[in-house]
Amino acid sequence: MSVDLDHIRQVMEEADCLYNEQQIEDAIATMGHSITEKLADSNPLVFCVMNGGLVITGKLLTHMQFPLEASYVHATRYRDQLTGGRLEWKVRPSQSIKGRTVLIIDDILDEGHTLDAIIDFCKEEGAASVLTAVLVDKKHDRKARPGLKADFTGLEIEDRYIFGYGLDYQGYWRNANGIYALKGH
Ligand SMILES: O=P(O)(O)OC[C@H]1O[C@H](OP(=O)(O)OP(=O)(O)O)[C@H](O)[C@@H]1O
Ligand code: HPA
């Protein structure tokens with residue numbers, strides 16, 4: 001499918017900025033501090049959830065100055081759509097997670113099916129403990145289970161379709177240096 005770049009540019013021009021770069025960087029630094037307090041002595045295995053987790057993971061890692069191993073998993077359920085479908089695993093963890101403390105980092109906890117599936121997988125593989133960190137938690141009552149929360153959350157956002165800082169609109173604007181809400185959604 002060909003992409004209309006004029007549309008992609010227009011989406012950014014019309015979007016509402018919910019958080020600017022400084023607000024997000026401050027939230028990431030606070031998350032890094034909390035994660036360090038909790039995990040500094042646990043030799044964790046840290047997984048970025050590709051693709052959306054790319055930006056937050058890279059930035060968060062520089063606030064985690066203790067021994068850890070960093071790697072990635074790739075799971076997707078939105079595939080350029082505005083609503084989620086079935087979770088598809090593209091890359092599962094390549095190293096053994098048995099007995100390890102695992103930290104999963106993603107851009108967003110929306111309905112939470114993605115994180116839940118990755119948590120279940122890590123537990124089935126014998127992880128000693130599984131913690132989660134997300135840049136944003138979307139406020140609504142459609143969570144995969146009541147009260148679902150990440151262990152570390154950067155920012156809360158209203159119930160709109162958002163992009164920037166790893167989050168995409170039709171595969172674009174993961175590189176936007178703020179968190180933006182799509183006009184009309
Ligand atoms: O909480 P949920 O409702 O499950 O949604 C959150 C997931 O959706 C997005 O991934 P997506 O499937 O769009 O793939 P992407 O990371 O490649 O954008 C996002 O990066 C999270 O992984
Ligand atoms: O609001 C969103 N924006 C981009 N990707 C997403 N994946 C789940 N929710 C969202």
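The paragraphs below go through this predicted model from the whole chain down to single residues and then to the ligand.

The protein chain contains four helices and nine strands. Read from the N terminus, its elements follow the order α-β-α-β-α-β-β-β-α-β-β-β-β. The radius of gyration is 16 Å, close to the 16 Å that the globule rule gives for 185 residues, so the chain is as compact as a globular protein of that length. Along the principal axes, the C-alpha atoms of the chain fill a box of roughly 50 × 35 × 30 Å.

Take the contacts with a separation of 6 or more: 67% of them join residues 24 or more positions apart. Of the 185 residues, 33% are buried.

In soluble globular proteins, nonpolar side chains tend to be buried together. In this model the largest nonpolar core has 46 residues. Those with the most contacts inside this core are Phe 47, Val 102, Ile 104, Ile 105 and Ala 133. Which residues does Ile 104 touch, leaving out those up to four places away in sequence? They are Phe 47, Val 49, Leu 115, Ile 118, Ile 119, Val 130 and Thr 132.

Is Thr 57 buried or exposed? A residue counts as buried if 20 or more other C-beta atoms lie within 10 Å of its own. Thr 57 has 24 other C-beta atoms within 10 Å, so Thr 57 is buried. Not counting residues up to four places away in sequence, Thr 57 touches Cys 48 and Ile 105. The C-alpha atoms of Thr 57 and Phe 47 are separated by 8.3 Å, and the two residues are ten apart along the chain.

How many residues surround ligand 1? There are 17, and the closest are Asn 51, Gly 52, Tyr 78, Asp 110 and Thr 114. By class, this shell has four nonpolar, seven polar and six charged residues. Strand β5 (101–109) and helix α4 (113–124) each supply at least two residues of the shell. The largest share, four residues, comes from β5.

How values were computed
Residues are numbered from 1 along each chain as its sequence is written. Chains are lettered from A and ligands numbered from 1 in the order in which they are written. This is a predicted model: local features need pLDDT of at least 70, side-chain atom pairs count only at pLDDT 80 or more; totals for chains, interfaces and linings use all residues. A residue is near a molecule or strand if its C-beta atom, placed from the backbone, lies within 6 Å of it. Ala, Val, Leu, Ile, Met, Phe, Trp, Tyr, Cys and Pro count as nonpolar, Asp, Glu, Lys and Arg as charged, and the others, Gly among them, as polar. The radius of gyration is taken over C-alpha atoms; the globule rule is 2.2 Å times the number of residues to the power 0.38. A residue is buried if 20 or more other C-beta atoms lie within 10 Å of its own, exposed if 12 or fewer, and partly exposed in between; C-beta atoms are placed from the backbone. Two residues are in contact if their C-beta atoms, placed from the backbone, lie within 7 Å. A nonpolar core is a set of buried Ala, Val, Leu, Ile, Met, Phe, Trp, Tyr and Cys residues joined through C-beta atoms within 7 Å.
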